[in-house]
Structures are given as C-alpha cells and as structure tokens.
Amino acid sequence: GFSSTAWRATLGVTPQELLVAYFGLLSPSKGVDQLVAALSRMERPWRLLLIGGSATAPQDVAYAGRLHEQIRSYGLTERIIKTGHIADAEVSAHLLAADCVALPFRDGASFRRGSLLAAFAHGCPVITTTAADPADATTLAEAAITLPPDDSDALTTALDRLADTPELRQRLRQAGRALATHFEWDTIAAQHAAVYRNSP
C-alpha cells in the first residue's frame, strides 16, 4: 500500500521537483559536497534527500560541518532534507519515493557498498562513480550512470539527463533490480553450494 506520491507529500516535495537521494554516512570519500555543487547549478526545481546520520570519526564530523557550511553559502538550506538515523522501513520508503539516487564516491563505486546495493534493490535509478575494480566496470555501467570521481559538471549533466529521460530511468530501474538479485542471500548460498558440489 505504499504511495510514493503520498510519502513525497509528507516531505513537502512537489511532483514537479526532482527528488535526488543520497544514502549513507557523511564522510570525505562519499563526495556529497560534489553532489551539492552539481545540484546548485541545476535550473529545474529539485530537492536533496540525505538519508542516514552523521559519522562520528573526527575527520567525518569536520567534513559534515564543512558540508553544512557549503549548503548555507549556496543558499540551499531549504532544499535539503536530512533524515538522521531512521528505521529500515523508513529508509526503504525514502528510497522508493526518490526519483534517483546519487552516490559520487571519490574512491570509486564497489559492489561491497551496502548503500549502492540497497539503491539497486529498491529499483532506484542510480548515478555513481566508475567502479573501483575494473572487473566490475562493465556490469556497473549497465545498471547505473557512471562518472569520473570529483566531476561535479558531469554530475549536473547526468542529473539533467536522467530527469529529462523517463525511458532511461525505467531501464536503470529494471537493470538495477536484476543486478541486485545476484547479491541476495539465496543466490549467494546457491553459488556456494555449486562450488562445493563441483569441488574434487
């Protein structure tokens, strides 16, 4: 019975606004400052949904402070929605309500990142950086828009492209869900069982 429209309304997000979600803790390697810079150049109406809380390491606390100052200096405070730590069901609802998820990792995307897999599993169109492991690059590029790290101009272009192309959003939703099935526990267990059966 979940309604994306109703959930967005509770957040104060209008149907005309592009709702971009980021999921995870705030730390320098996550590139959220690049996402804010990219969004600041967009002419269309948008909101940024920061799903998750703040990390506690000193360098992460300092980064979160710089990020909030960046948001204030751009005059974007009213466009940012911060959830803090929330229950799993609320995380799911926020992801399902978003138009896309942006994860601009500075050190490259990886299938070991839970936030990336969660976005795929929820059928979110994903924009992220190129895979840290070249062996994963092709698979990732089939399920997400991938960009070089620290390129906020490319990120702005990708966000506009995604907003303007419903067919691309739908293709990425389907590809992301299909990719996520490879990381489900039933699939992993079956793969392990096959290895053991085929071992000499």
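Helices in this report are DSSP runs of H or I with at least four residues and strands are runs of E with at least two, both numbered from the N terminus. By that assignment Leu96 is found in helix H4.

The model is predicted, so local features need pLDDT of at least 70 and side-chain atom pairs count only at pLDDT 80 or more, while totals for chains, interfaces and linings use all residues. Residues are numbered from 1 along each chain as its sequence is written, and side-chain values use heavy atoms, with hydrogens and water left out.

## The chain as a whole

Nine helices and six strands make up the secondary structure of the protein chain. The radius of gyration, taken over C-alpha atoms, is compared here with a globule rule of 2.2 Å times the number of residues to the power 0.38; for 200 residues a compact globule would have a value near 16 Å, and the 17 Å of the protein chain agrees with this. The C-alpha trace spans about 65 × 40 × 30 Å along its principal axes.

Residues are called buried under 20% relative accessible area, exposed over 50% and partly exposed in between, with a 1.4 Å probe and protein chains only. On this scale 46% of the 200 residues of the protein chain count as buried. The accessible surface, from the Shrake-Rupley method with a 1.4 Å probe, comes to about 10100 Å², and 54% of it belongs to carbon and sulfur atoms.

A contact means heavy atoms within 4.5 Å. Of the contacts between residues at least 6 apart in sequence, 72% join residues at least 24 apart. For the charges, Lys and Arg count as positive and Asp and Glu as negative, with His and the chain ends not counted, and each charge is placed at NZ of Lys, CZ of Arg, CG of Asp or CD of Glu. The mean positions of the 18 positive and 21 negative charges are 1 Å apart.

## Salt bridges

Side chains of opposite charge can pair when their charged atoms come close. With a salt bridge defined as a side-chain nitrogen of Lys or Arg within 4 Å of a carboxyl oxygen of Asp or Glu, the structure holds nine salt bridges. The table lists some of them.

| Acidic residue | Basic residue | N to O distance |
| Asp99 | Arg8 | 3.1 Å |
| Asp33 | Arg106 | 2.7 Å |
| Asp164 | Arg44 | 2.7 Å |

In the salt bridge between Asp99 and Arg8, the partners come from distant parts of the chain, 91 residues apart, with Asp99 in the loop between helix H4 (88-97) and strand E4 (100-103) and Arg8 in helix H1 (residues 4-11). Arg8 counts as buried at 7% relative accessibility.

Asp33 and Arg106 also form a salt bridge; Asp33 lies in helix H2 and Arg106 in the loop between E4 and helix H5 (114-121), so the pair ties together parts that are 73 residues apart in sequence. Asp33 is buried, with a relative accessible area of 18%, whereas Arg106 is partly exposed at 26%. A network of salt bridges links Asp33, Arg106 and Asp150.

Asp150 itself is placed in the loop between strand E6 (145-147) and H7, and it is partly exposed, with a relative accessible area of 45%. Most residues other than glycine have a negative phi. Asp150, although not a glycine, has a positive phi of about 60°.

The salt bridge between Asp164 and Arg44 links parts of the chain that are 120 residues apart, Asp164 being in helix H7 (residues 152-164) and Arg44 in the loop between H2 and strand E2 (46-51). Arg44 is partly exposed, with a relative accessible area of 23%.

Val36 is found in helix H2 (residues 32-40), where it is buried with a relative accessible area of 1%. Not counting residues up to four places away in sequence, Val36 touches Leu48, Leu67, Gln70, Ile71, Tyr74 and Leu76.

In H4, the residues Val91, Ala93, His94, Leu95 and Ala97 are buried, and their cover includes H1, strand E1 (18-23), E2, E4 and H5. Leu96 of helix H4 is partly exposed, with a relative accessible area of 39%. Its contacts, not counting residues up to four places away in sequence, are with Phe2, Ser4 and His122. Leu96 and Ala21 are 75 residues apart in sequence and 9.8 Å apart in space, C-alpha to C-alpha.
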